[in-house]
Amino acid sequence: MSEKVYTQEAVAARFQQFLEANGLRQTKERYAILHAAYELEGTFTIEDLQQTLLMQRFRVSTATLYNTTQLLVQANLLIRHPFSSSTSVFERITDNKTKSYQICNNCHRITHIKSKELAAAVDSYHPRRFGISHRILYVYGTCPKCGAAMRKVLKQTHNTI
């Protein structure tokens, strides 16, 4: 997979092409949301995006934020992660590098996995007749803090029996 880094100009041009191809309006609100999303590092929520826009003294409705982030996902400029069913978590697509996350089933804490070996293993998968836009690996389990709490409860339960 070739390394592709997205600049602000390239991202804006890609979004413009997407909007034109789908007969959608090019509004200053949509572009402000795009630029704010690309200023944020790592994962973010709608609330984070709204705060960033407010700090830039740009007000948009929550509905506009949700609608525009959905368009950005459709244009392959944002990823909507399935971390939570109640909160939408997004991340900008900045390159073709594999992203890996571990998610605790108990506390729902999300941590980024920085493993060259894991990324290489995922990158080595090349399906036939399927064009990959980006690669993400989610690993679910129990974090050390929750594991220790569970062992403590089990030990207390065992000692009372």
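## Helix 3 and helix 4

The crossing of helix 3 and helix 4 in this predicted model is right-handed, a crossing being right-handed if the near helix is turned clockwise from the far one by less than a right angle, and left-handed if anticlockwise. Helix 4 spans residues 62-74, and its axis lies 11 Å from that of helix 3 at an angle of about 115°. Helix 3 is therefore roughly perpendicular to helix 4 (angles of 65 to 115 degrees count as roughly perpendicular, under 35 as roughly parallel, over 145 as roughly antiparallel and the rest as oblique). Axes are lines fitted to C-alpha atoms, for helices over the stretch in contact, and angles run from 0 to 180 degrees between N-to-C directions. Helices (H or I, at least four residues) and strands (E, at least two) are DSSP runs, numbered from the N terminus.

On the helix 3 side the contact (heavy atoms within 4.5 Å) involves I46, E47, L49, Q50 and L53, which meet T62, L65, Y66 and T69 of helix 4. By class, this contact has 5 nonpolar, 3 polar and 1 charged residues (Ala, Val, Leu, Ile, Met, Phe, Trp, Tyr, Cys and Pro count as nonpolar, Asp, Glu, Lys and Arg as charged, and the others, Gly among them, as polar).

## Helix 2 and helix 3

Helix 2 (residues 28-39) and helix 3 (residues 46-55) have axes that come within 9 Å and cross at roughly 105°. The two are therefore roughly perpendicular to each other. Helix 2 contributes A32, I33, A36, A37 and E39, and helix 3 contributes L49, T52 and L53. These residues divide into 6 nonpolar, 1 polar and 1 charged.

Strand 2 pairs with strand 3 (residues 89-92) over 4 bridges, and H81 stands opposite V89.

## Sheet 5-4-6

A further open sheet has 3 strands in the order 5-4-6, with mixed pairing. Its edge strands are strand 5 (110-112) and strand 6 (136-141), and the twist averages 25° from one strand to the next. Strand 4 (residues 99-104) runs parallel to strand 6 over 6 bridges; I103 has Y140 as its bridge partner in strand 6.

## Basis

Residues are numbered from 1 along each chain as its sequence is written, and side-chain values use heavy atoms, with hydrogens and water left out. In this predicted model local features need pLDDT of at least 70 and side-chain atom pairs count only at pLDDT 80 or more, while totals for chains, interfaces and linings use all residues.

Notes:
Pairing = 2+ DSSP bridges.
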